[in-house]
Amino acid sequence: MSNLPDFDRLWDYDDPAKTEKAFQELLPVAERAGDRAYYAQLLTQIARTHSLRRQFDDAHRILDEAETLIVNIDNPSNDPTQTSRIRLLLERGRAFNSAGDTDSARPLFKEAWELARKAGEDYHAVDAAHMLGICEPADASLMWNNRAMKAAEASDDPRAGEWLGPLYNNTGWTYHDAGEYEKALELFEKGLAWRIELDNPQATRIAKWTVGRAKRSLGHTEEALAMQQSLLVEHEAVGTSDGYVFEEVAECLYALGRPDEARPHFGRAYQELSKDGWLTENEPERLERLNRLGIVL
């Protein structure tokens, strides 16, 4: 696969449709090269673009195609299809998990973890552990997230280290959901420092939001409000907006006894977040509250 493009670097998780187009353009290149392992792995990533758009039937159909190809690849002793199999397990698991079928997802992620560890595929092993941290219940989630962080920190593969930011975020949310807000804040602040070091403004804004969110949970509402208001200014400066930031500004103002100031922010939050398919399906009460406390702009 060394003579073919590194398709992982083409990922734009904020625009899966654009990413799919880039991947589709690589399929004939892989076919002409005769590299079926590369072709199969590329199919798993195309399937992922569909999962991100909640097109789960399409995702599974493409994964079935990849699985057929992987099964039919010759397997000499230095099995070149290990990575293909690991990627297949990960994306099949992600498709199930995103559709809410965690019971089907867990064994796939566990198999991917074991296979990746045996194959020395640290990047994919950390990915599998981090997905188990997402879909397992609280205690098991912490175990898997900590296991993933240790694996990422110990790995010589710099790509495995790229998981640290998401892991700080996910583990922080696990603590937050358990009401352990100090531990959550500690991890969110580590994640913010990690994002700042990478000089990724968009990811840094998200990390700042998590720090502000934890501060509100700790009762540091004025400080949390200041952070979220600064994020509004940052978004305005680059011509973007974020419904979650509007929501947090509103919640902070509301908690401080300033409902009239909060109302337009609740309204903007509802306008933006009601377009989110996952929230509509999974947190309708949250959206209803935003609508009730907001106004029509």
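Q: What does contact mean here, and which residues does Phe109 touch?
A: Contact means heavy atoms within 4.5 Å. The model is predicted. In this model, Phe109 touches Leu90, Gly93, Arg94, Asn97, Ala128, Met131, Leu132 and Cys135, with residues up to four places away in sequence not counted.

Q: Where does Phe109 stand in the largest nonpolar core?
A: Start with the general idea. In soluble globular proteins, nonpolar side chains tend to be buried together. Here the largest nonpolar core has 39 residues, and Phe109, Val126 and Leu167 touch the most other members. H4, H5, H6, H7, H9, helix H10 (181-198) and helix H11 (201-217) each supply at least two residues of this core.

Q: Which helix gives the most to this core?
A: H6 does, with eight residues. A second, separate core has 22 residues, including Trp11, Ala30, Leu43 and Ile46.

Q: How many residues of H6 are buried?
A: Buried means under 20% relative accessible area. By that cut-off, twelve of the 14 residues of H6 are buried, and the helix is mostly covered. Among them are Tyr123, His124, Asp127, His130 and Cys135. Cys135 counts as buried because its relative accessibility is 6%.

Q: What covers the buried residues of H6?
A: The cover includes helix H4 (82-98), helix H5 (102-119), helix H7 (138-154), helix H8 (158-161) and helix H9 (164-177).

Q: How is a pair of aromatic rings described?
A: By the distance of the centres and the angle of the planes. This structure holds ten aromatic pairs. In one of them, Trp11 and Tyr13, the ring centres are 4.4 Å apart and the planes stand at 10°. Planes under 30 degrees apart count as stacked, so this pair is stacked.

Q: Are Trp11 and Tyr13 buried or partly exposed?
A: Trp11 counts as buried, at 11% relative accessibility. Tyr13 is partly exposed, with a relative accessible area of 43%. Both belong to one aromatic cluster, formed by Phe7, Trp11, Tyr13, Phe23 and Tyr38.

Q: Which charged ends sit over rings?
A: Take Tyr123 of H6. The charged end of Arg159 sits over the Tyr123 ring, 3.8 Å from its centre. The charged end of Arg289 sits over the ring of Tyr254, 5.6 Å from its centre.

Q: What else does Arg289 touch?
A: Arg289 is in contact with Glu251. Glu251 also touches Arg216 and Phe266, again leaving out residues up to four places away in sequence. Glu251 lies in helix H13 (residues 243-255). Its relative accessible area is 12%, so Glu251 is buried.

Q: How many disulfides does a search of the whole structure find?
A: A disulfide is a covalent bond between the sulfur atoms of two cysteines. The search finds zero. Cys252 is buried, with a relative accessible area of 0%.

Q: Where does Gly267 lie, and what does it touch?
A: Gly267 is in helix H14 (residues 259-273). At 3% relative accessibility, Gly267 counts as buried. Gly267 touches Gly294 and Ile295, not counting residues up to four places away in sequence.

Q: How far apart are Gly267 and Ala95 in sequence and in space?
A: They are 172 residues apart in sequence and 32 Å apart in space, C-alpha to C-alpha.

How values were computed:
Residues are numbered from 1 along each chain as its sequence is written. This is a predicted model: local features need pLDDT of at least 70, side-chain atom pairs count only at pLDDT 80 or more; totals for chains, interfaces and linings use all residues. Side-chain values use heavy atoms; hydrogens and water are left out. A disulfide is a pair of cysteine sulfur atoms within 2.5 Å. Buried means under 20% relative accessible area, exposed over 50%, partly exposed in between (1.4 Å probe, protein chains only). Rings of Phe, Tyr and Trp (its six-membered ring) pair if their centres lie within 6.5 Å; planes under 30 degrees apart count as stacked, over 60 as edge-to-face and the rest as tilted. A charge sits over a ring if NZ of Lys or CZ of Arg is within 6 Å of the ring centre and within 35 degrees of the ring normal. Helices (H or I, at least four residues) and strands (E, at least two) are DSSP runs, numbered from the N terminus. A nonpolar core is a set of buried Ala, Val, Leu, Ile, Met, Phe, Trp, Tyr and Cys residues joined through side-chain atoms within 4.5 Å.
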